[in-house]
Amino acid sequence: MLTQDQIDFFDANGYLVVEDVVTPAQLAALRADFAAWVEESRARNASYGEMVDGRARFDLEPGHSAETPGLRRVSSPIEVSKAYHEVMASSRMVEAVADLIGPNVKLHHTKINSKLPGTATKVEWHQDFPFTPHSNDDVVTALLMVDEVTDENGPLEVVPGSHKGPIEPLWHNGRFTGAVDRPTTERCITQAVRCTGPAGAVCLMHTRLLHGSAPNNSTRPRTLFIVVYSAEDAVPLCDNPVPSRYEGLVVHGEPTGNVRSTPYTLKLPQKPKGASFFVQQAGADA
Ligand SMILES: O=C(O)CCC(=O)C(=O)O
């Protein structure tokens with residue numbers, strides 16, 4: 001599905017935005033399910049629902065209220081929505097990922113990261129790989145834009161080429177913060193590129209790319225459906241932070257049962273005790 005130029009861009013920069021990876025009907029179904037979850041959240045005052053490991057599925061930001069809902073994360077929406085499952089398993093997004101790390105591709109986890117208007121949700125700078133280390137780094141995070149993503153509504157920001165650099169520690173002073181240290185953050189801010197696009201576009205991101213995002217300063221929501229895919233021969237080395245009964249599902253090609261390993265060193269992450277990594281990054285995951 002991708003052109004050689006697009007594949008070369010991804011290899012050089014560690015990310016690639018591709019438009020129109022879902023059909024209008026798929027996009028409408030994703031939006032309808034998310035809108036219903038936001039409505040439901042208005043009646044809640046704490047994170048709720050249950051993932052397979054008992055943690056909350058629907059994560060509410062501090063300050064959430066019925067008037068200004070702060071539903072910032074839905075973990076593993078594919079378990080509670082046919083629309084999200086279909087897009088994860090059979091959309092042009094899967095074909096694009098297969099062009100980058102395939103032909104054999106499997107699922108690691110899914111989530112929705114949402115920044116509703118009036119909320120303060122932001123993502124501290126990090127790489128995904130130290131959260132989800134695998135035996136090799138053919139792992140792609142696909143961030144599907146369920147809403148249009150603009151410069152104002154808290155777009156994903158990336159440091160082009162940083163996937164070829166070191167794996168940055170996410171542990172500081174004996175605590176897993178889920179974020180890089182302050183000097184690295186400052187360097188990222190000076191080199192950041194924003195990944196914007198229309199609803200239905202996806203940003204495909206190499207698992208070692210440095211990225212983060214600022215709060216939504218607009219009156220429009222920013223909803224991303226995030227799917228982490230890996231090469232079928234990349235074997236996870238720690239507990240899945242967003243477990244589901246679909247982990248390991250082969251969505252493209254076929255299972256080989258092979259393990260491929262490449263050398264690297266990192267300190268294994270800590271699985272969040274709270275509903276999501278937002279709690280770890282806020283320093284409140286005691
Ligand atoms: O929601 C975002 O802006 C970034 C998502 C992200 O960094 C992540 O989930 O690892």
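User: Is S76 buried or exposed?
Analyst: S76 is buried, with a relative accessible area of 0%. Buried means under 20% relative accessible area, exposed means over 50%, and partly exposed lies in between, using a 1.4 Å probe and protein chains only. This is a predicted model, in which local features need pLDDT of at least 70, side-chain atom pairs count only at pLDDT 80 or more, and totals for chains, interfaces and linings use all residues. Residues are numbered from 1 along each chain as its sequence is written, and side-chain values use heavy atoms, with hydrogens and water left out.

User: Where is S76 found, and what is its phi?
Analyst: S76 sits in the loop between strand 3 (71-75) and helix 3. Helices (H or I, at least four residues) and strands (E, at least two) are DSSP runs, numbered from the N terminus. The phi of S76 is near 50 degrees, a positive value in a residue other than glycine.

User: What about D20: which loop, and is it buried or exposed?
Analyst: D20 lies in the loop between strand 1 (15-18) and helix 2. D20 is exposed, at a relative accessible area of 52%. Its phi is positive, about 55 degrees, although D20 is not a glycine.

User: Which residues does the cis peptide bond join?
Analyst: The cis peptide bond joins G102 and P103, with omega about 15 degrees. P103 is placed in the loop between helix 4 (92-101) and strand 4 (105-115).

User: Switching to helix packing: at what angle do helix 2 and helix 3 cross?
Analyst: Two packed helices are described by the angle between their axes and the distance between the axes. The axes of helix 2 (residues 24-41) and helix 3 (residues 82-89) cross at roughly 140 degrees and come within 8 Å. That makes helix 2 oblique to helix 3. Axes are lines fitted to C-alpha atoms, for helices over the stretch in contact, and angles run from 0 to 180 degrees between N-to-C directions. Angles under 35 degrees count as roughly parallel, over 145 as roughly antiparallel, 65 to 115 as roughly perpendicular and the rest as oblique.

User: Is that crossing of helix 2 and helix 3 left-handed or right-handed?
Analyst: The crossing of helix 2 and helix 3 is left-handed, meaning that the near helix is turned anticlockwise from the far one by less than a right angle.

User: Which residues make the contact?
Analyst: Helix 2 contributes Q26, A29, L30, D33, F34 and W37, and helix 3 contributes A83, Y84, E86 and V87. Contact means heavy atoms within 4.5 Å. These contact residues divide into 7 nonpolar, 1 polar and 2 charged. Ala, Val, Leu, Ile, Met, Phe, Trp, Tyr, Cys and Pro count as nonpolar, Asp, Glu, Lys and Arg as charged, and the others, Gly among them, as polar.

User: New topic: how many disulfides does the count come to?
Analyst: The count comes to 0 disulfides, a disulfide being a pair of cysteine sulfur atoms within 2.5 Å. C195 is in no disulfide, and its nearest cysteine sulfur, that of C203, is 3.8 Å away.

User: Are C195 and C203 buried or exposed?
Analyst: C195 counts as buried at 2% relative accessibility. C203 is buried too, with a relative accessible area of 1%.

User: What else does C195 touch?
Analyst: C195 lies in strand 10 (residues 193-195). Not counting residues up to four places away in sequence, C195 touches Y15, V17, M145, V149, P155, L156, V158 and C203.

User: Last topic, S135: where is it found, and what is it in contact with?
Analyst: S135 is in the loop between strand 5 (123-126) and strand 6 (139-145), and at 7% relative accessibility S135 counts as buried. Leaving aside neighbours within four places in sequence, its contacts are D233, A234, V235, L237, V259, R260, S261, T262 and Y264.

User: And N258, which residues is it in contact with?
Analyst: With neighbours within four places in sequence left aside, N258 is in contact with E232 and D233. N258 is found in the loop between strand 14 (250-252) and helix 6 (277-281), and N258 is partly exposed, with a relative accessible area of 47%.
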